[in-house]
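Student: Could you take me through one part of this model closely, namely the place where the two chains touch, and then follow the elements there into the rest of the fold?

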Amino acid sequence: MNHATRADKFLLDADRTTWHDETLWFVREKRDRAVYAVPEFQELRQLASDIKDHTLSRLDLYLQEFEAAAQANGVHVHWAADAAEHNAIILDIIQKQGATRIVKSKSMLTEECHLNPYLIKHGIEVVDTDLGERIIQFRDEPPSHIVLPAIHLKKEDVGETFHTHLGTEKGESDPQRLTEAARQHLRGKFIAGQVAISGVNFAIAETGGVVVCTNEGNADLGVNLAAVHIACMGIEKIIPRLTDLGVFTRLLARSATGQPVTTYTSHFTKPVAGKEMHIVIVDNGRTQQLGRPDFRASLKCIRCGACMNTCPVYRRSGGHSYDFTVPGPIGAILSPNIDMKKHASLPFASTLCGSCTDVCPVKIDIHTQLYKWRQVLGEANEIPASKKWSMKFMGRVLASTRVYGLGGQFARKALRLLPHGLTHATSVNAWAVARELPEAPKQSFREWYAKQPQPAAQPAQPKIPA
Amino acid sequence: MSTASRDRILAATKANKPAELPLPTVPDFGGEATAERFAAVLAGIGGTVVRMNGLGELVSTLQQLFPEARTTASPLFAASVPINAQTPTGILAAIDLTVLQGEIGVAENGAVWLPEANMMNRALPTITQHLALVLDHRRIVATMHQAYAQLPNTGGYGKFVAGPSKTADIEQSLVIGAHGARSLVVVLY
């Protein structure tokens, strides 16, 4: 199944698609208002981009600086080459504690590594504590957005889910009352939690500390009540200095949801006496992406989701149509690095309009990379035969003035003469699935131009000496 | 833990990284460091600013704001529940109102820096039902750049708190009071 087929499923419910489209655009508009209120916003984007570029260019050194500083803080640092190793390290820490009850705050990395099913298989209870993540965990669904994991659901869906799992009244769909029910339910889980797992927004090489940004406070509550904190991060989360956070905290929430900053910007640096803190640093394909000059800039991503909110394709196809941990434009340039065959259709799920690049707070050239992935996929023969051959054919036609002229004449005639059922047969003409072709003109511009009276010859211009 | 993975990751990073690029200097950018701006922005994100003339008015100010708070925790006045780093979770979970000293206020986003040293217990500022942060109005800066420039370090744990805990995970409807404090008041003096 490719992106378009999965999007078809999402599009079956037209009202819901429209709601999804408009809701995400509303978030994009909130982003704009927050951004325009900061006169130096464009300078901040450039600084963020430059800091990330610099960090990637010294990443091995910064990773070692971070490790040394974290260890000096009494933090255990682990390294995982891939998802399997990441999961095994975490299970080992949990089992050494004799723990069975885990509370987790948002981490796209643990989604990427499929940590939850792995832990559950080993008899561990894992509770996602971000409200959106808890909702989809009850429903056994993946997140459809990296910042708004349950954006594909309506409040009635959540009401139904909570009725089943939390015993709220049937038909209850008031967000205030549903959130209160989740608060009460999750307070119990927080208090019982033995080990807390969190993601990492920023890891500071200078201090060895990690920063976690949330609005709900679930990371702070989980981590500070549990005996052990495990923070999971990809190697690209490093920033050099504490003061660099001035730049990133000003960009992140404004770009993500249009807030001036997240409610909590929490710095976890040392464990409290008698407790443990672990940091798991994960590669899982990232060093490979670092080695691709055309695509390494994707590692600068700070996971704000702005590219999703603005993308005309994402808004109308839903996050699940990407079938990858990170959906949307940024996911479409990260996913082929992980599995080119499986995700071959994602770089084509774009109009290349460039809106993603325009809103990216760290100036990743997302739409250029989408275009470049298409070339790589073409070279690797990972595009469907119909697309491959029609592209080759059109390449030939467009490369020759004569063939193009003849082709145009033929097409204009054929469109006028052939029956509609044939020219619009969706089996051969995907364009016509939801569109009408324009009426074919009798004449092309070139044919018209050739028949116009020739303009009078211009008098020779005097030569200007060099 | 596998040192083999550590070595492999570091070697691959070294081999694959681009040629070195410079680390930029971040300018200050100036901005409006006023209590008025701070209060307006905090109100916009669901928090409240209350002013008093000095710390002497703290108890009466709090009594007016939270007449129903039965269990209180604070190092700033004679609160009803004594708290330290070892206080059991059950006691923390029953606190109605916590009052702590904030260190730096950020006018552009309504955030207040709260270091571990001022928290009594790391879990307290989020597990409490309501949170009040007391802040000297002279400690308000314009931006996050200026706030970080003033931090000597981030200690073992510390956080910027900007308003009450909130979520919009159900249909983008804003709900105040997700998991952390249901309300946040900054008491400026």
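Tutor: The contact between the chains draws 63 residues from chain B and 71 residues from chain A, in what is a predicted model. On the side of chain B that touches chain A, the elements giving two or more residues are helices H1 (3–16), H4 (89–93), H5 (124–127) and H6 (144–150), together with strands E8 (157–161) and E9 (166–167) of chain B. Helix H1(B) supplies the largest share of that side, 9 residues. By residue class, the side of chain B that touches chain A comprises 29 nonpolar, 23 polar and 11 charged residues.

Strand pairing also links the two chains: strand E9 of chain A (residues 264–268) is joined to E8(B) by 5 bridges, and the two run antiparallel. Within this pairing, Phe268(A) stands opposite Tyr157(B) of E8(B).

If neighbours within four places in sequence are left aside, Leu133(B) is in contact with Leu100(B), Gly102(B), Val112(B), Leu114(B), Val161(B) and Val186(B).

Chain B also holds an open sheet of 5 strands, in the order E1-E11-E6-E3-E2, whose pairing is parallel. Its edge strands, each pairing on one side only, are E1 (48–51) and E2 (72–73) of chain B. Helix H2 of chain B (residues 35–44) lies across E1 and E11 (183–188) of chain B and runs at about 140° to E1(B), while helix H3 of chain B (residues 58–65) lies across E1, E3, E6 (130–135) and E11 of chain B, at about 150° to E11(B).

Finally, in chain A, helices H19 (residues 385–399) and H20 (residues 401–417) pack at an angle of about 110°, with their axes 5 Å apart. Angles of 65 to 115 degrees count as roughly perpendicular, and H19(A) and H20(A) are therefore roughly perpendicular to each other. Where they meet, Arg396(A), Val397(A) and Leu398(A) of H19(A) face Val403(A), Tyr404(A) and Gly407(A) of H20(A), a contact whose residues divide into 4 nonpolar, 1 polar and 1 charged.

Terms used. Residues are numbered from 1 along each chain as its sequence is written. Chains are lettered from A and ligands numbered from 1 in the order in which they are written. This is a predicted model: local features need pLDDT of at least 70, side-chain atom pairs count only at pLDDT 80 or more; totals for chains, interfaces and linings use all residues. Two strands pair if DSSP finds at least two bridges between them. Helices (H or I, at least four residues) and strands (E, at least two) are DSSP runs, numbered from the N terminus. Two residues are in contact if their C-beta atoms, placed from the backbone, lie within 7 Å. Axes are lines fitted to C-alpha atoms, for helices over the stretch in contact, and angles run from 0 to 180 degrees between N-to-C directions. Angles under 35 degrees count as roughly parallel, over 145 as roughly antiparallel, 65 to 115 as roughly perpendicular and the rest as oblique. Ala, Val, Leu, Ile, Met, Phe, Trp, Tyr, Cys and Pro count as nonpolar, Asp, Glu, Lys and Arg as charged, and the others, Gly among them, as polar.
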